[in-house]
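Open the model in your viewer and keep the selection panel at hand. Each stop below says what to pick and what is there.

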Amino acid sequence: MRLEDVNLADNDKFLDGETPWRMLDVLRAEAPVHWQDEGEHGSGFWSVTRHSDIVAVDRDAQTFTSSRFTNLEEVDDRQATIRRSLLETDGPRHSVLRRILQREFTPRAVAGYEVFLRGLTARTLDAALAKGTFDFVKEVSADFPINVLAKMLDVPADDTQQLIDWGNRIIGNTDPDYADVLLHSEESEKYRDLPFRSPASLEVFEYGRELARKRLGGNGTDLVSRLINQPTADGVPLSPTDFDNYFLLLVVAGNETTRHAISHTMLGLIDNPDQAERLRQDLSLMPGAVEEFLRWASPVYHFRRTATRDVEMHGQKIAEGDKVVMWFASGNRDERVFDDPYRFDVTRADNDHVTFGKGSPHFCLGNALARLEIKIMFEELLPRISGIELAGDVRRVRSNFVNGIKELPVTVTPA
């Protein structure tokens, strides 16, 4: 891979399991702050690919703001106002919005879900493993986290497939298998005021509004009830638009990232059966292994910031208003931080990954829940099987944003 061949704006380059990593390797080595042209789809962006630089950008919200949006799409002021969620909010208001649900996602709070999670995991795995050969994404990775989310939202289990479908259509807005309307198509202009320019957002909004109507003024403890009935710390209530965008974020973020982390972990264990066997023989290794799973999976390739002032990094002059993209996946393969970063090692110590952000105001709110879900999934799965292998081709989501696997056909041998 040559530097001139790198194009992180080309979603087609993210369809295999090698090209993205080769591009990021080149950038870390030769151009740690690199200007990427976007052609007709944008004004271009700076790629930041080394671990220390990603952490520095993520922590400095005054210089690198989220308020101009966190994906590559460029929005005007009106769009920014309509589409702004917790992700695209900085400063005191961001802290206020986080605080509404922060208590529900603390390690202590999510520990209360362990009995439920183990029961759910057992049911999910029993149904899938009985098939012998199946799509691990459909039967396990997608099914498990969405049922957790359904419980936290207090919605019927029958709605989970609809929630999965919405997440696919919204996050997969650059994948023709998922998107109703592809992001850069002419038709997407009709939906420019919606999150990810996806018409599926309208369906999510209406679903959330109906839940809110039923729970307003009640004493429920589910996430929707908390959002609409709990006063904010600054006394400024959520507007209807705030609620829409917050609810949509829960539906998407509460499913997609954990789902893809589980899929990539399973593929990593298939490709490294010695590591799977090591865990099977000693499940006490699992808490540390989960950190390696998260580093390895890197379910979100990047998040974007916008420079609020002229700044220089690695000799490159970043101008006020430039898009600056933190490639978290690259930080998780930085050889300056991780010894032999392309080794999948469930005993890796001092695993300083940036999968959830690191020391950032935007550190992932659901990190404790994701860790617990992944831990329980593989604690329950590995003792149930003596072997697992691929039964077909691995198909990936066409996206430079989400590092997703959409099909993972496997054949299992029961224990």
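Select helix H10 (residues 200-215) and helix H12 (residues 240-253). Their axes come within 9 Å and cross at roughly 105 degrees. Here an axis is a line fitted to C-alpha atoms, for helices over the stretch in contact, and angles run from 0 to 180 degrees between N-to-C directions. Helices are DSSP runs of H or I with at least four residues, strands are E runs of at least two, and both are numbered from the N terminus.

This is a predicted model, in which local features need pLDDT of at least 70, side-chain atom pairs count only at pLDDT 80 or more, and totals for chains, interfaces and linings use all residues. Residues are numbered from 1 along each chain as its sequence is written, and side-chain values use heavy atoms, with hydrogens and water left out.

Now show side chains at the crossing. On H10, pick Ser201, Val204, Phe205, Tyr207, Gly208, Arg209, Leu211 and Ala212. On H12, pick Phe243, Asp244, Asn245, Phe247, Leu248 and Val251. These residues make the contact (heavy atoms within 4.5 Å). Colour them by class: nine are nonpolar, three polar and two charged. In this scheme Ala, Val, Leu, Ile, Met, Phe, Trp, Tyr, Cys and Pro are nonpolar, Asp, Glu, Lys and Arg are charged, and the others, Gly among them, are polar.

Stay on H10 and centre on Ser201. Is Ser201 buried or exposed? Ser201 is buried, with a relative accessible area of 0%. Buried means under 20% relative accessible area, exposed over 50%, and partly exposed in between, with a 1.4 Å probe and protein chains only. Beyond its neighbours within four places in sequence, Ser201 is in contact with Ile170, Leu194, Pro195 and Leu248.

Next, select helix H2 (residues 51-59). Which residues of H2 are buried? They are His51, Asp53, Ile54, Val55, Val57 and Asp58.

From His51, jump to Val6. The two are 45 residues apart in sequence and 19 Å apart in space, C-alpha to C-alpha. Val6 lies in the segment before helix H1 (19-30). Val6 counts as buried, at 6% relative accessibility. Setting aside residues up to four places away in sequence, Val6 touches Met1, Met23, Val26, Leu27 and Gln36.

Two loop residues come next. His314 is in the loop between S6 and strand S7 (316-318). Its phi is near 50 degrees, positive in a residue other than glycine. His314 is partly exposed, at 45% relative accessibility. Then go to Asp350, in the loop between H16 and helix H17 (367-381). Asp350 is not a glycine, yet has a positive phi of about 50 degrees. Asp350 is exposed, with a relative accessible area of 75%.

Finally, zoom out to the whole chain. The protein chain has 17 helices and twelve strands. The C-alpha trace spans about 60 × 60 × 40 Å along its principal axes. Of the 415 residues, 57% are buried. Among contacts with a separation of 6 or more, 69% join residues 24 or more positions apart.
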